[in-house]
Amino acid sequence: MQKITNISELKEIARKIRVDVIKMTNAAGSGHPGGALSSADIFSVLYFNIMNHKPDDPKWEDRDIFILSKGHSCPALYSALARSGYFPVEELMTLRKLGSRLQGHPDMLALPGLEASTGSLGQGLSIAIGAALAIKLDKKTSRVYCLMGDGEMDEGQIWEAAMSAAHYRLDNLCGIVDRNRLQIDGFTKDVMNTDPLEKKWESFGWHVITVDGHDVPALIKAFEEAKEVKGKPTVIIADTIKGKGVSFMENVAIWHGQAPSDEETKKALNDLGEESSHG
Amino acid sequence: MFFKSEEEIFKKKPEKRLEIKKEEIKPIEDVIEPVEINLELQRRFEESKYNPTLDKDLFTNPKKAKTRDGFGEALVKLGEINEDIVALSADLAHSVRAMWFAEKFPERFFQVGIAEANMTGIAAGLARMGKIPFMSTFGVFATGRNWDQVRMSIAYPNMNVKICASHTGIFSVGADGASHQSIEDISLMRVLPNMTVIVPCDKIETRKATFAAAKIKGPVYLRFGREDMPVITTEETPFNVGKAEIFRDGEDVSIIACGPMVYEALLASKKLEDEGIDGRVINNHTVKPIDTETIIKAARETGAIVTAEEHQVIGGIGSAVGEVLGQNYPVPIKMVGVQDRFGESGDPKDLQKAYGLTNEDIIKAVYAVIKMK
C-alpha cells in the first residue's frame, strides 16, 4: 500500500488508533487498553510507513509479516488493520462480541490481515522465526516483525526463541519490545525485573536499538536501521508509557486489563482531542 | 518448484504427472509401489478368519522392525516428492530418525536444540508460510512439555504441522523410566480440536501413516516407538486415516487396539480361538477422528468390547471407544492399558507384564467382558 511519509499524518493515525482503542474497549465492556495505547505509534509507523502489505490482498505472497506476540494489545492492531483497509472501520465496535471476527485475542482464521493466533504470552517470536526461515528458504526479501511486551520477557520461550533467531542469523526478523514497564500485577521491576534488557538481547546475539516509542521519526529511523543490519536479527526496544494519551490511564497498572466506563470514555476521548463521539 | 523429483519417483508412470495439482500431495498408493497380492496366500488365509493382507508368518516367526524407521524412511521420500516438506528436531534427530531427512535435505532441516516450546512455534510459523513442517522428538516432550504451544500456535489456528513422536508408551521405552514414558500423549492430543491422532501398529503402517499425515491439511499427531516390534501388516494392508481395519473377524467379542497392542490382540485372539472364543481384532490406528461406524458395528455384532493400548486407559483409546459406545450402542467394555499410574525403569518385557499390557491381560479382559454380556 501507499506509504505515508508525512510525520503529522502518522501521528494523526496513531491518535485515531488510540481513539478506536478507547471506544472499542468501552463498547466491549472489557479488554486491554493500557498496552494498546502504549503501542499505537508503533502500529502507525509499521502499517502506514514501514511494512509492505496489501490490505486488498491479505495473502499477497511478498508481504511483510507482522505478529502480535502480546495478543492482548489487539485493539490497536485491529484499528491499524481496519484503517489500512483490511475490513470496515465500523466493525471495530464488534470487539469481543459473540460472532465477531474481532476476538478478545487475535484469531488468525477469523480476520484478514492476522498472521498468527496469539494470547498465550511468549509464543509469537517463535512463530515469527518460523516465518522468517520460510522466507529465507523461498529466497524472498520480505521481512518479519514481532511486537512483544516487556512483561512478556518473563516467559522462558522468548529466550529460547531469541537464542535460535541469532543462531539462524535471521536478519529479516525485527522484534519490537513495547517497554512500558508495567504488567498486570504492577511495575515490571517489582513483578520480575527484566533489566538490563538491552544487555540481555545483545548477549543473545541481537542488534539492539533503544528508541522513544512515541517518537514517530525516531521509530521510522530505527526500523530503517534494522533493515540494514546483516547476519543477525534486530530488536527495537521502544520505551513507552502504558495508557499513553489518556491522563488517568498513564502509568497506572489497573488499565492493563480494564475497560473505561462511559464517563471515563468521555474524559479519555477529550484527552485524545476527540470532541464528538464520531471519529 | 513443487514435486521437483517427480520424474524419479514416477518415471515408470509418466502419465501420472498430468494428475498432479499444486494443492495436492500424491496419494500414498502412488508413492509406495503396490505389491502383487499372492493369491495362493490369500486363499490359505480365507480358510481362517484372518485378514489376508497380514504377514503370513505373523504367529510363527514375525519379522521385527522399528516403527521410527518407518517414519524416517517416509520423511525422506516425502522430502523428495515435495519441496515444501521441512523437518525440525529438538536435539533428538538421530533417535527419532529425522536425521535421515537432515542428511539429505540439510537446508530444509531445522535443529532447534533442547527447546520444544520454541520448536512448536517455529513449526507453526513455517506452516503459516506454506511449508509442511514435521517436528519430532520423544512423546513426552512432543505433547506435554509444549502442550500450550501446540494448543495455541498449532491446533487453534489449524496449522499444517505434523507432530511426530517416537519413544512413546511404557514398555517400548523401558529402562529410561517414568520421566520418558509417554503414556498420556494420546489423551493430551485427542482433546484438541482440529487435531488428527494416528497410532500405527508397525513399521510399514508408520510409513503409510507418515505419508497420510502429509496429505492431511491441518495438525496431525503421529505416535510411534523405539523398540523392534513385530511387522504385522504388508504393503497390501489397507490403511486409510479414520478407517479402522478388521484384522481378524469374530463374533463373540471385539478387541479394539492401536500401536504395539495390535499384535498382542492378534496373539490373544489366536489363543482364544483354541479355547473356542471367536474374537474380532480391530486395528484402530486413527484415534481421532475415530471410526464410529466400525466400533458400533462391532458392538452390535459381538456384544462386548475390549480395548488395548500402551497408554493410560484414562483419555486414551479406551476412553475414545467408550465415548462412542456410551452414546450410540452401549455394550460391556473392559480397558487394557496403564491403570492410572506412572511407569518405572525396567526391561521392556518385564514392564509389559508388570503393567498388564500382554496378550494374557487381553485374554483376562475378554473373559471378564463376556461374563458381563
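Local features need pLDDT of at least 70, side-chain atom pairs count only at pLDDT 80 or more, and totals for chains, interfaces and linings use all residues, with side-chain values taken from heavy atoms, leaving out hydrogens and water.

**View 1. Chain B as a whole.** Of the 373 residues, 62% count as buried, meaning under 20% relative accessible area with a 1.4 Å probe, protein chains only. The model scores ipTM 0.96 and pTM 0.93.

**View 2. Confidence along chain B.** The mean pLDDT (the predictor's confidence in each residue, from 0 to 100) is 90, and 88% of residues reach 70 or more. Over residues 1–25, however, pLDDT stays under 50. Where pLDDT is low, the predicted coordinates should not be read in detail.

**View 3. Helices H4 and H11 of chain B.** H4 (residues 67–81) and H11 (residues 203–215) have axes that come within 7 Å and cross at roughly 35°. Axes are lines fitted to C-alpha atoms, for helices over the stretch in contact, and angles run from 0 to 180 degrees between N-to-C directions. Look for B:Phe71 and B:Leu78 among the H4(B) residues that meet H11(B), where B:Phe211 is one of the partners; contact means heavy atoms within 4.5 Å.

**View 4. An open sheet in chain B.** Five strands lie in the order S9-S11-S10-S13-S14, with mixed pairing; two strands pair if DSSP finds at least two bridges between them. S9 (245–248) and S14 (333–338) are at the edges with a single partner strand each, so one side of each has no neighbour in the sheet. From one strand to the next, the twist averages 25°.

**View 5. Strands S10 and S11 of chain B, with two helices on the sheet.** S10 (residues 253–257) and S11 (residues 279–283) pair in the parallel sense over 5 bridges. B:Ile256 stands opposite B:Ile282 in S11(B). Helix H13 (residues 292–302) packs on the sheet, touching S10, S11 and S13 (305–312). Helix H16 (residues 359–371) also packs there, and its direction makes about 160° with that of S14(B).

How values were computed:
Residues are numbered from 1 along each chain as its sequence is written. Chains are lettered from A and ligands numbered from 1 in the order in which they are written. Helices (H or I, at least four residues) and strands (E, at least two) are DSSP runs, numbered from the N terminus. Buried means under 20% relative accessible area, exposed over 50%, partly exposed in between (1.4 Å probe, protein chains only).
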